[in-house]
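Subject: Structure handover, with notes on domains and aromatic pairs

Hi,

Here is the structure I promised to pass on. Please open it first, then read my notes below.

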Amino acid sequence: MSVGQSAAVSGRWDAARAREIIDAHLALEGPMIPILHALQEAFGYVDEAAVPLIAQALNLSRAEVHGVVSFYHDFRRAPAGRHALKLCRAEACQSVGCDALHEKLLHRLGLDWGATTADGALTIEPVYCLGLCATGPSAMIDGRPVGRLTETRLDKLVASALSGEARP
Ligand code: FES
């Protein structure tokens with residue numbers, strides 16, 4: 001599942017706007033995922049405060065809503081950085097060594113999956129297949145696919161994003 005591959009949207013959480021979004025989707029069959037997509041599109045992430053609102057609107061427990069939000073890796077739980085780097089962790093990319101590349105990068109930046117650099121420039125997110133399996137290890141930077149990643153190429157992507165360019 002993919003929630004949109006574009007760069008981070010920065011939106012300030014607004015409970016009233018969130019309620020409007022939730023209400024607008026209530027008539028749908030299976031509204032939870034569309035609601036979460038819409039919230040992420042509006043705010044750039046799904047704020048923790050959305051959980052009780054959705055639970056109440058759909059007559060579910062908070063734990064049920066929380067479970068769905070945390071199950072799908074693409075739903076951000078916090079505002080993202082100005083640039084979003086998605087790194088594919090699925091099987092085809094694993095088979096060509098993505099894990100080692102990812103580990104080195106995360107270690108070097110001192111970040112975990114889903115975290116953002118302290119200056120707010122870059123969020124690193126896991127993704128499970130970008131449809132670029134033949135050219136793995138694969139990534140997507142601000143919606144732009146990048147294949148055949150090497151350590152050097154990945155470092156360039158990151159350096160470029162951190163310097164505010166994101167176009168190596
Ligand atoms: S497995 Fe990585 S792009 Fe498909």
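What follows covers the domains and then the aromatic pairs.

Please keep in mind that this is a predicted model.

Domains. The protein chain splits into two: domain 1 covers 15-71 and domain 2 covers 83-163. Their C-alpha centres are 28 Å apart.

Aromatic pairs. I searched the whole structure, and three pairs came up. Two of them are described here, among them the pair of Trp13 and Phe43.

Trp13 and Phe43 are tilted. The ring centres are 4.9 Å apart, and the planes make an angle of 55°. That angle is not over 60, so the pair does not count as edge-to-face. Where do the two residues sit? Trp13 is in the segment before α1 (15-25), while Phe43 belongs to helix α2 (residues 32-43). The pair therefore links parts that are 30 residues apart in sequence. Phe43 is buried, at 3% relative accessible area.

Tyr72 and Phe75 make an edge-to-face pair. Here the centres lie 6.0 Å apart, with 80° between the planes. Which of the two partners is buried, and which partly exposed? Phe75 is the buried one, with a relative accessibility of 3%. Tyr72 has 26% and counts as partly exposed.

Have a look and send me your comments.

Best wishes

Key. Residues are numbered from 1 along each chain as its sequence is written. This is a predicted model: local features need pLDDT of at least 70, side-chain atom pairs count only at pLDDT 80 or more; totals for chains, interfaces and linings use all residues. Side-chain values use heavy atoms; hydrogens and water are left out. Domain bounds come from an automatic or database domain assignment. Rings of Phe, Tyr and Trp (its six-membered ring) pair if their centres lie within 6.5 Å; planes under 30 degrees apart count as stacked, over 60 as edge-to-face and the rest as tilted. Helices (H or I, at least four residues) and strands (E, at least two) are DSSP runs, numbered from the N terminus. Buried means under 20% relative accessible area, exposed over 50%, partly exposed in between (1.4 Å probe, protein chains only).
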